[in-house]
Amino acid sequence: MFEMEIRIQSLENINAAARQFIDEVINQTSANVYAFYGKMGSGKTTFIKALCEELGVEDVITSPTFAIVNEYTISPLPTSPHRGGDCQTIYHFDFYRIRRIEEVYDMGYEDYFYAPDALCFIEWPELIEDLLPEDTIRIDITEQGDGSRLLQTR
């Protein structure tokens, strides 16, 4: 099991935390799917936005709450290589509004989760747990008493 812990003290250091996550998790594993667990308002979307920025996404990054999935193209940055530049696309999912698992089958989730040149960042993965690939990296984001956020793999 892959273990990691990152503390985000404030929004001012979220991009540094995202760079650390890229270095310590994305660049150190072969997984393409990253499942982010946390309560509403814990910072899942904000952290994924920072990850996308640090990976070189130049598009406007928004929550896919209503679209279910947003697709972003990675413009590789020489200062932030990601697994040798083999990933060219990010799929950002938000399964909060999924009512039936058939909706996920209908959208062709396998085309996203098993794309060899893509990274998938998933919010509310507990709603599709049985469909996640075996090598999915699961990350809990929890708000701490001092307002900071703690990211931990499980």
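User: What makes a side chain count as positive or negative here, and how many of each are there?
Analyst: Lys and Arg count as positive, Asp and Glu as negative, while His and the chain ends are not counted. By that rule the protein has 12 positive and 27 negative side chains. Each charge is placed at NZ of Lys, CZ of Arg, CG of Asp or CD of Glu, and the centres of the two sets lie 7 Å apart. Keep in mind that this is a predicted model, where local features need pLDDT of at least 70 and side-chain atom pairs pLDDT 80 or more, while totals for chains, interfaces and linings use all residues. Residues are numbered from 1 along each chain as its sequence is written, and side-chain values use heavy atoms, leaving out hydrogens and water.

User: How do you know how many helices and strands there are?
Analyst: Helices are DSSP runs of H or I with at least four residues, strands are E runs of at least two, and both are numbered from the N terminus. That gives four helices and seven strands, in the order β-α-β-α-β-β-α-α-β-β-β.

User: Which residues of helix 2 are called buried?
Analyst: Buried means under 20% relative accessible area, exposed over 50%, partly exposed in between, with a 1.4 Å probe and protein chains only. In helix 2 (residues 44-54), the buried ones include Phe47, Ile48 and Leu51, and also Lys44 and Glu54. Across the protein, 50% of the 154 residues count as buried.
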